[in-house]
Amino acid sequence: MRDRVSTGVVYVLVVLLAALLTGCTQSAAGGENGKGSAVTAPVPPSATRASGFGAVFLAVDECSSFGKTSFTEVPCSGERAAARVVARHDGTTADGPPCPATTDFVLHISEQSRISDEDGDGAVPQGYACMRNLQPPHPGDPGGGGGPRTIVGDCVYGSGSGQVRETACDGKGARKPQYKVVKAVTARSRCPLSTALYVQLGGPQPVGCARPL
């Protein structure tokens, strides 16, 4: 009889303990979803998506802090967020795919970097992230005067030795624009007759047809 009573008491304690643990787990999950944190302004759904923050360093749709030589991965909803990853590739820009046309800048990620640890060994594979500023200006936009790629709508000036460099079409850059890329084609012979300069663009239509301004 005494053994049966003891067994009953143990069973009740186990049930109570399980209930307490379940309650704690639900509370922690609520905190991770942001219900327990203060929100000062509405945040778009894309900025708070479960992107696996920290699982892969600067994966697509994750954000970086300010800086192009020294930076960290930060939540896109945080005040330190400066730019969002629009494409992410392993290796180097010379060997990998080009960034999207309106990329504002590229972050080069060192293989030896210890900024983020993906698998517990303290290393991140070499790669590069194509970034788009969360707020204007956007130098990668057509005519913006920057970005890693020259695209249709961009303006350039001659920098000597047959080379050209991009500058803002509105004339507010350090150099005044001399030519504007008006069309991208597969070969020079497909450019308009008004073309005064051929600009190397890369991609499936590698020739930019530029007219004088």
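This is a predicted model: local features need pLDDT of at least 70, side-chain atom pairs count only at pLDDT 80 or more; totals for chains, interfaces and linings use all residues.
The second largest pocket is lined by Thr150, Val156, Gly162, Gln163, Val164, Arg165, Glu166, Leu197, Tyr198, Val199 and Gln200. About 180 Å³ of space lies in the pocket.

- Rolling a probe the size of a water molecule over the atoms shows where empty space is left.
- Which elements give two or more residues to the lining of the second largest pocket? They are β7 (163-167) and β9 (197-200).
- The lining residues divide into five nonpolar, four polar and two charged.
- Arg165 and Glu166 are among the lining residues, and both Arg and Glu count as charged.
- Gly162 also lines the pocket; Gly counts as polar here.

**The aromatic pair**

- How many aromatic pairs does a search of the whole structure find? The search finds one.
- Phenylalanine 57 and phenylalanine 71 form this pair, and the pair is stacked.
- The ring centres are 6.4 Å apart, with 10° between the planes.
- The pair counts as stacked because planes under 30 degrees apart fall in that class.
- Phenylalanine 57 lies in the loop between α1 and β1, and phenylalanine 71 in the loop between β1 and β2 (73-74).
- The pair therefore ties together parts that are 14 residues apart in sequence.
- Is phenylalanine 57 buried or exposed? Phenylalanine 57 is buried, because its relative accessible area is 1% and buried means under 20%.
- Phenylalanine 71 is buried too, with a relative accessible area of 7%.

**Backbone: a cis bond and positive phi**

- Most residues other than glycine have a negative phi, and most peptide bonds are trans.
- The peptide bond from proline 136 to proline 137 is cis. Its omega is near 5°.
- Where is proline 137 found? Proline 137 sits in the loop between β5 (127-133) and β6 (155-160).
- Aspartate 61 has a positive phi, near 80°.
- Aspartate 61 lies in the loop between α1 (2-32) and β1 (63-64).
- The loop between β6 and β7 holds serine 161.
- Serine 161 is exposed, because its relative accessible area is 77% and exposed means over 50%.

Note on methods
Residues are numbered from 1 along each chain as its sequence is written. Side-chain values use heavy atoms; hydrogens and water are left out. On a 1 Å grid over the protein atoms alone, a cavity is a set of points where a 1.4 Å probe fits but cannot get out, and a pocket is an open set with protein on both sides within 12 Å along at least five of seven lines; lining residues have an atom within 4 Å of a point. Grid points are joined across faces, edges and corners, and a volume is the space filled by probe spheres set on the points. Helices (H or I, at least four residues) and strands (E, at least two) are DSSP runs, numbered from the N terminus. Buried means under 20% relative accessible area, exposed over 50%, partly exposed in between (1.4 Å probe, protein chains only). Rings of Phe, Tyr and Trp (its six-membered ring) pair if their centres lie within 6.5 Å; planes under 30 degrees apart count as stacked, over 60 as edge-to-face and the rest as tilted.
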